[in-house]
Amino acid sequence: MASYPRVKRQITVERCEKLLSEHFFTDLNLRSSLYQKCTNSEKYVQLSVYKVPDLKRISFEEAVKGTYKPAKRGDSFGPSWSTHWFHIHVTVPDDWKHDEVQFIWDANNEGMIWSTEGVPIQGLTGGGGDTRRVEYILTRQSKGGEKFEFYLEMACNELFGNGSNGLINPPDPDKYYTLKQVELAVPNHRAWRLFHDFEIILEMAKSIPDNTMRSAQALHTANHIVNVFRSDDENSIDEALEISREFLSHKNGGGTHLRVTAIGNCHIDTAWLWPFDETKRKVARSWSTQVGLMEIYPEYKFACSQAQQFEWLQTYYPALFKKIKEKSADGQFLPIGGTWVEMDCNIPSGESFCRQFLFGQRFFEQNFGHRCKVFWLPDTFGYSAQLPQIIRGAGLKYFFTQKLSWNNINSFPNTTFYWIGLDGSKVLTHMCPAETYVAQCRPGELIRSVENHKDKEFSDEALLLFGNGDGGGGPLASMLERLHRLKDIDGLPKVEIGSVDDFYERVERNSSELVSWKGELYFELHRGTYTSQGKIKRYNRKSELLLRDVELLSTFASQSDQKNCDYPKDTLDGLWKYVLLNQFHDVLPGSSIESVYVDAYKCELTSKFDDFTPQFYEEVERKGIELRERALGTLFKSSASSPDTEEGLLVFNTLGWDRTEVVEVPVSSGLGSFTQYAVDKKSGYVLVKDTVSLGIQSVDVGTSDIGDISPATVTSVGHDFYLLENQFVKATFDKHGRLTSLIDKIKDREIVPPGQFGNAFKIYEDIPLFWDAWDVEIYHLQKGRDAGLGGTVKIYDNGPLRASLILETKLSKKSSLRQIISLSVFSQRLDFETVVNWDENRQFLKVEFPFDINCDYATYETQFGFIQRPTHYNTSWDSAKFEVCGHKFADLSEYGYGVALLNDCKYGYATHGNVMRLSLLRSPKAPDEHCDIGTHEFKYAIYPHSGSFLESNVVREAYQFNVPLLVRSTPKEFTQSYKPRSYFSVENAPNVILDTVKRAEDSDEIILRLYEAYGGHATARLRSSLSVESIFETNIMEDEQNPIEYDILGGAKIKFKPFQLITLKVVLR
């Protein structure tokens, strides 16, 4: 009979929690017994420090040459982002014999232990909580009196950067870190075993439903251990261990249970709350630690993605990279993912997706002997509907993520399923039901793996990703200790360390009747990332298209002059790597700190990583233009002409269809007079008719006479209205620059509803619930206001080739807009060239256009295709898509007619009813307090068209809006004798786009990438003016697969299925 009263369950739980507390009663609880011996005497640990100047991150070789001065516990080091190298000499006390001796270091920041030979050994993370890793094992069995010498590189940032008073706040530039703990210690392994046992037992009591027998047993056992343990009695630890052993010895038993496969991982954001250069050190700190754990725990397996991070390690830490290759060969360190970085999956182009896989898979194959099977993307903000086809085309079969568990409106219904893309390609997909990629190997995570698994009737498997991530770190020894205990315990699902590939192969082999999900995996959160940091989105679009042109032109130039013009593959690879790097899922979406964008835009050489860092977009632009001009010079056979030489124009059309456009050309005396000059008289307008696809033709400035065709005109109508008109449309604007009427003259149709306004600017209050740069919330639509009223509108260009208005207005007290609204003679497209000076606090600028069109869905361009989304809020799934991602266009069509809203660098759209909105600028304050503040240039356009979207040429028009004709002047005697030449053309299939032309990765063959753009079948005829010997269909990796019949007269006949992406390898004679 009990001699004490029954205790309320919660009181017992809290009592047990105190046994492990790091804040309460640490002089008496189990933590007081974790170390048998300890000393912080300077007799045994001597420190000296070299404070690296100017926030530089230097190499080991530089560090050992520094001037070191004495240092001690209690010293402070800073400021933020500075580096301090310590030279450390340790002497083990003479009486510490047969002990494991640990070096303990805690400065509440990150650090890395280096050998005196310059090999990184282990990372350290100071502070408290689950990320704490402060111990470095000097010896497992001391002799007493040993001496150790090593270096320690201190980084003055925490695992998640230097945020001021909060995780995602902008960094505090003046943080200092105090070295609060530096000592030698001998761990009490029996106490540590009890610590890990007790963690498991107590959490089982808390996580298993408290009305079950097993939960009651666990709590009783935990309380029993508390009653037995005494901090002053070593024997009590043995008695407590016997109690825990008996409880943990009860196995799961037979029957059908969920099988959990645990895999270590270390999700390191390639940049986020820290700059790129700090990531390079995070990689070394984190991965060196994992290699060390593999020596202690031979069963341990660690999966790691992002070829870019492997390449950084290979470049800057070659000795560690060699160790990792060895562990990979042993099956412990497992490269995974197949991409260059874990990229954003909304904004990059389809070709960028292909290059992410091409560069990633080739790196892994070249360095680890195999390609990846699993596309690994735990932390990206939505997934394009075209990804399944690209994943399969790059040789992968499986997909992993978990981010959709963050949805804030609807719960995603599946855990293990087949994801089906636009074209019907499918990939086996698993989203870990523990709903985290930073699991700590605790019972609650295993219980959630059962409770949250939504496909248990079809699959009895689940992944558990454990290890500290985002800021790196990875698994700790304590996690592996807990995992060992959790392997097979009554009350929990079985869990065992295994490989990700084996997991997916078992699921594929053993699971039946898995459900499928067709189309995009839309993420119901972080919708602001389509718009935040507008400049990086502009750089991304412009860089993708610049490299497209450079590759295409360089391919043709190297064929036309093989002796003097080499294909610049190495340079192009380097430029592509910059673009791919910046597509990382916290960089391109706009959710990183300010210094990341300084690096992304500019060339600042500041560190030991100078040969690789911060050139990025400026280098892409500078070198890309240089390569483009070199290739054009070869193709045009141009040379400098004297000022009085009569000149003509050569035009290269880098798109795969003929084009007629008005182009702007710099004024030159040799060109003669223009039909129309620009307002500043420094350039003139030229009409270029029927330029051949993917080819060159000459143009005479004097041929811009439009004949009987109605010119483009602009007139004022009274005091308050202005009229832009050509043969196709008539557009009326009011004194605020708002579109009040748009009449299709061919169809005799008014497109703007009465009383509504197009080109109307709206500013919405933009205060999210937490994630500032990430989120625009559904309620922002409740609090918007008109902007841009009260400015001035004036006539700008008078025609006949181009007519335009100029709008200048204030958007607010601090922000202003300047816009040229133009119409050319040969197009029904209205262009809006815009410059905004933006200085706001959490405000969201959009432009909206209402159209007299009725449709329940709008069509948005995605990678290599389109996706349709609702224009109503019928269901919660519809309402959740109040802000969506689109690429070069969105379209609203009904039977017989439609209007497209085009852009040259924007990605956020919203269509409700008959109103289309394009998201222009945001102004969040965290993690970059200056996000989007400054001057922005962008263009958008509206393009009315006959027929519905599927009957239109919107896809081509959007390309033309983004890819200008390339026009250069050259001596007229050359242009007059120049015959038009089309290098490639696609006939009989207006729904097929020839998107990419490049040199093959490992040969001189030409690679073409084409896709079906409208969701239909096609039989395309591919022709070329080059001497084609043969054509092969390949995959994205350029593995030859099927030969395609080709003859000189008829070309090649290529059949497409809806949304199919086809890669061809063209062999020349």
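## Salt bridges

In this predicted model, the count of salt bridges comes to 73. One of them joins Arg57 to Glu278, with the closest N and O atoms 2.8 Å apart. Arg57 lies in the loop between β2 (45–51) and α2 (60–63), while Glu278 belongs to helix α6 (residues 276–296), so the pair ties together parts that are 221 residues apart in sequence. Arg57 counts as buried because its relative accessibility is 8%, and Glu278 is likewise buried, with a relative accessible area of 0%.

A further salt bridge is formed by the side chains of Arg442 and Glu203, at 3.9 Å from N to O. This pair also links distant parts of the chain, since Arg442 sits in the loop between β19 (426–431) and α11 (443–451) and Glu203 in helix α3 (residues 189–207), 239 residues apart. With relative accessibility of 17%, Arg442 counts as buried, and Glu203 counts as buried at 19%, where the cut-off for this class is under 20%.

The side chains of Lys888 and Glu861 meet in a salt bridge as well, at 3.1 Å from N to O. Lys888 is placed in the loop between β42 (884–885) and β43 (889–894), and Glu861 in strand β40 (residues 857–862), 27 residues apart; both residues are buried. Salt bridges that share partners also join Arg57, Glu110, Glu153, Glu278, Arg281, Lys282 and Arg285 into one network.

## A buried glutamate without a salt bridge

Glu524, in the loop between β22 (516–518) and α14 (534–560), is buried yet has no salt bridge. The nearest side chain of opposite charge is that of Arg527, 4.9 Å away, whereas a salt bridge requires a side-chain nitrogen within 4 Å of a carboxyl oxygen.

The side chain of Glu524 does reach the backbone nitrogen of Asn410, at 2.6 Å. Leaving aside neighbours within four places in sequence, Glu524 is in contact with Asn407, Asn408, Ile409, Asn410, Trp877 and Ala880.

## Aromatic pairs

The model holds 68 aromatic pairs. Phe321 and Phe368 form one that is edge-to-face, with 5.9 Å centre to centre and 70° between the planes. Because Phe321 lies in helix α8 (residues 318–329) and Phe368 in helix α9 (residues 350–368), the pair ties together parts that are 47 residues apart in sequence. Both Phe321 and Phe368 are buried.

The rings of Phe652 and Tyr983 have their centres 6.2 Å apart and their planes at 15°, so this pair is stacked. Phe652 is in strand β23 (residues 647–653) and Tyr983 in the loop between β49 (981–982) and β50 (984–987), so the pair ties together parts that are 331 residues apart in sequence. Phe652 counts as buried at 0% relative accessibility, as does Tyr983 at 2%.

## The ring cluster and Phe302

Ring pairs link Trp287, Tyr300, Phe302, Phe310, Phe321, Phe333, Trp340, Phe359, Phe363, Phe364, Phe368 and Phe466 into a cluster. Within this cluster, Phe302 lies in strand β14 (residues 302–304) and is buried, with a relative accessible area of 0%. Not counting residues up to four places away in sequence, Phe302 touches a set of residues including Ile263, Cys266, Trp287, Met294, Phe333 and Pro475. The C-alpha atoms of Phe302 and Asn408, 106 residues apart along the chain, are separated by 31 Å.

## Charges over rings

The charged end of Lys403 sits over the ring of Trp406, 3.3 Å from its centre. Lys939, in turn, lies over the face of Phe961, at 4.9 Å from the ring centre.

Terms used:
Residues are numbered from 1 along each chain as its sequence is written. This is a predicted model: local features need pLDDT of at least 70, side-chain atom pairs count only at pLDDT 80 or more; totals for chains, interfaces and linings use all residues. Side-chain values use heavy atoms; hydrogens and water are left out. Helices (H or I, at least four residues) and strands (E, at least two) are DSSP runs, numbered from the N terminus. Buried means under 20% relative accessible area, exposed over 50%, partly exposed in between (1.4 Å probe, protein chains only). Lys and Arg count as positive and Asp and Glu as negative; His and the chain ends are not counted. A polar contact is a pair of N or O atoms within 3.5 Å; within protein, one must be able to donate a hydrogen and the other to accept it, and residues adjacent in sequence count only if both atoms are side-chain atoms. Contact means heavy atoms within 4.5 Å. Rings of Phe, Tyr and Trp (its six-membered ring) pair if their centres lie within 6.5 Å; planes under 30 degrees apart count as stacked, over 60 as edge-to-face and the rest as tilted. A charge sits over a ring if NZ of Lys or CZ of Arg is within 6 Å of the ring centre and within 35 degrees of the ring normal.
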